[in-house]
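Notebook open, structure loaded. I'm jotting down what I look up as I go, starting with charged side chains and then moving on to strands and helices.

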Amino acid sequence: MTLVADGVEQPLPASRKTRALLAFLALEPRRHRRERLCELLWDIPDDPRAALRWSLAKLRPLLDRPDRLLAGREDVGLDRIDLVVDVAQVRAALADGLDTVPAEHLEALFIATNQPFLAGSDLRAQPLFDGWIGAVRREMADAARLLGQALLARPLPVATHLAVLARMIEADPHDADLHARRIALLTASGDRAQAAQASSAAQRLVGEVDPAAAAGLATAARSALVTPPPRPPLATEASGVLARVIVQPLAAAGNPAIADPLAQMLQAGLADALARFGNLHVATAADAAGAPATTAHVVSGSLVQSGPRVRVRCRLTDPAGQILWSEDYTREGDDLLALEDELTAAIAAALESRIRFARANDAQERPPATANALFLRALAHMMSDGDFAAVERYLEQALALDPDHGLSGAYLPWAAVQTGKIVSPESAVRYAGIARHAIHSAPDDVMVQSVGGLFYLLLSHDFDGALAVIERALTRQPHYAFPWLARGWVRVHAGDSPGALADFDRAEALSVADPTDNGINAGRALACYQVGDLDAARAWVQRAMARSRTSLEAMRVGIAAAFEQGRLDDARAMALALLARNPGERASRARIMPFRHPGVSDRFFAAYTAAGIPD
């Protein structure tokens, strides 16, 4: 434990109980009766209240201000205004959803939770305090695993994933899945010596509790190290199909009358849900019999039922056999149909995003010889550096090869908006036509319908037509975040800010650490700005920028909100950042923004002009 006040680390009291008192008050945000604190820390026959008073006197001068310690006659508390506590930050991140946390902050929280909580602060003669500190330690251990899984789900460098896995294995050395992921990453990166060492360590550690799992690790590691599986060709899929997926039967354990049919329903449900995205070729293991396994991603897992509780462990491997993702889901209930629906919704969206990430990353190492490969190159830039000039270039090349490539046609208008290519009614008509053609070319692709429908609206001002397209996507895939995000943006431009905010909330609840969902907070900012809630708009702009410093939509709303709040220097600073990111930005762009209420465009134009964006 450290205490920093006004940027200066303060020397902690020598008394272990005084330090324990500070920690307890900082982490339990309420006022506590003095008797309760005495029971917690000073269960002694002498004067415990005097001991408490002495500790409070030692703490008061260490804090940044005297009134931070709220010591009344009967109770004691700590004023939490401007108080930063790492454990509280972890709790807030878990409550808000880890997909909204920037990667660097997520990594810092993960490192923090892997440190011993209040090391050296145990009070063995105080069972109540020992119970409390033990509970927080277990909470932080669980948090560390969730934070680690969230980091592994992000498209981060291999070195980062390996560091995360090393800490997670240190905390749980008998987890076979963690060892398998580390071995697979080391093998894929070409570090065969380290992979062999990791395999030996895994067999020894896992074998202490599960000899069968250790043997499986050994077999898989030998196969990978002796003959690395060939990388599958990228260009084998049909146009508009990003990947082949095989959904294997789930191993079931529990009451056969419940576990077996639920596992079968879940396998069929996952296959159906993945197929509904429209850009995945999906088969069950039986359907794919005889097909080469090295051309497909494989979904596998297990289902364990105990009473009303069901635990599902799901895993995704790429065509080379490398584990891309693994997650546990626990649900309770006696309605099998409801359980199957809930589990399918949660798992399918996670699987789709991981497959999309993997294919985009894989495309960087392949010659972009097909429309699919070129689209995946563009998608990789969208998910990583936000280089929309490169995105636009790859999508133009994809459409030159295949004018009916729906994904490229849907995303090209997005790239054109980001690069400032749409500055006149004529250019808007051209790109609206591209979006409309994409919608008709891929009527079953949820992404095409969502993205294409949104940008068809932005360029044609056809609110009803755009909503009809996106509603079709929602009917096909109601458990996917992006159609809700797209409908939220349509509703904002149509003047329905409350409806838009509800759609953005739904999109956030469904999003799964997907870098393409950073338009949620920018959309909220625009919805709040449109109804005049400038403070809320500013707050959402800040959250959007924290997630992506290159969010053009957030910058645009930030300029307008700052101007109307009288913060002209802030508006000009953000305008400079916007122009640096998008040199083609012009104030006249506000005139063709598709707002049903034209006064909103006028407000943007006035803000742009005052902030120094050229006309």
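Predicted model: local features only at pLDDT ≥ 70, side-chain atom pairs only at ≥ 80, totals over all residues.

**Entry 1: a charged network**

I started with salt bridges that join up, and found Asp177, Arg311, Arg313, Arg315 and Asp328 linked in a network of them. As a reminder to myself, side chains of opposite charge can pair when their charged atoms come close.

Next I wanted to know what the strands around those arginines look like. Strand β9 (residues 297–306) and strand β10 (residues 309–317) run antiparallel, joined by nine bridges. Which residue of β10 does Val304 stand opposite? It's Arg311, one of the network members.

The hairpin of β10 and β11 has five residues between the strands. Gly321 takes a positive phi in that hairpin, near 90 degrees.

**Entry 2: the sheet with β3**

How many strands form the open sheet that includes β3, and in what order? I get three, ordered β3-β5-β4, with antiparallel pairing. β3 and β4 are the edge strands, each pairing on one side only. Two bridges hold the antiparallel pairing of β3 with β5, and in β5 the bridge partner of Arg33 is Asp75. For the record, strands of a sheet pair through backbone hydrogen bonds, either parallel or antiparallel.

Arg33 turned out to have a side-chain partner as well. It meets Glu74 in a salt bridge, 3.8 Å from N to O. Arg33 sits in strand β3 (residues 32–33) and Glu74 in the loop between β4 (69–71) and β5 (75–78), so the pair ties together parts that are 41 residues apart in sequence. I checked the accessibility of both ends: Arg33 is partly exposed at 49% relative accessibility, and Glu74 is partly exposed at 38%.

**Entry 3: other salt bridges**

I ran the search over the whole structure and it came back with 29 salt bridges. I picked out two more to look at by eye.

One is Arg65 with Asp67, where the closest N and O atoms are 2.8 Å apart. Arg65 has a relative accessible area of 23%, which puts it in the partly exposed class. Asp67 is partly exposed too, at 47%.

The other is Arg487 with Glu471, at 2.8 Å from N to O. Arg487 lies in helix α19 and Glu471 in helix α18 (residues 463–476), so this pair ties together parts that are 16 residues apart in sequence. Is Arg487 buried or exposed? Its relative accessible area is 11%, so I logged Arg487 as buried, the cut-off being under 20%. Glu471, at 32%, is partly exposed.

At 6% relative accessibility His493 counts as buried. What does His493 touch, leaving out residues up to four places away in sequence? I listed Leu457, Leu458, Phe463, Leu526, Pro594, Phe595 and Arg596.

Leu526 came up again when I looked at how α21 meets α25. Leu526, Tyr529 and Gln530 in α21 meet Val600, Arg603 and Phe604 in α25. By class, that contact has four nonpolar, one polar and one charged residues. Helix α21 (residues 519–530) and helix α25 (residues 598–611) pack at an angle of about 105 degrees, their axes 11 Å apart. I therefore noted α21 and α25 as roughly perpendicular to each other.

To finish, I looked up Glu170, which lies in helix α7 (residues 158–171). At 66% relative accessibility, Glu170 counts as exposed.

Notes: Residues numbered from 1 in each chain as written. Heavy atoms only, no water. Axes fitted to C-alpha atoms, helices over the stretch in contact; angles between N-to-C directions. Helix = DSSP H or I, 4+ residues; strand = E, 2+ residues; numbered from the N terminus. Parallel < 35°, antiparallel > 145°, perpendicular 65-115°, else oblique. Contact = heavy atoms within 4.5 Å. Nonpolar A, V, L, I, M, F, W, Y, C, P; charged D, E, K, R; others polar. Buried < 20%, exposed > 50% of the residue type's maximum accessible area, 1.4 Å probe, protein only. Salt bridge = Lys/Arg side-chain N within 4 Å of Asp/Glu carboxyl O. Pairing = 2+ DSSP bridges.
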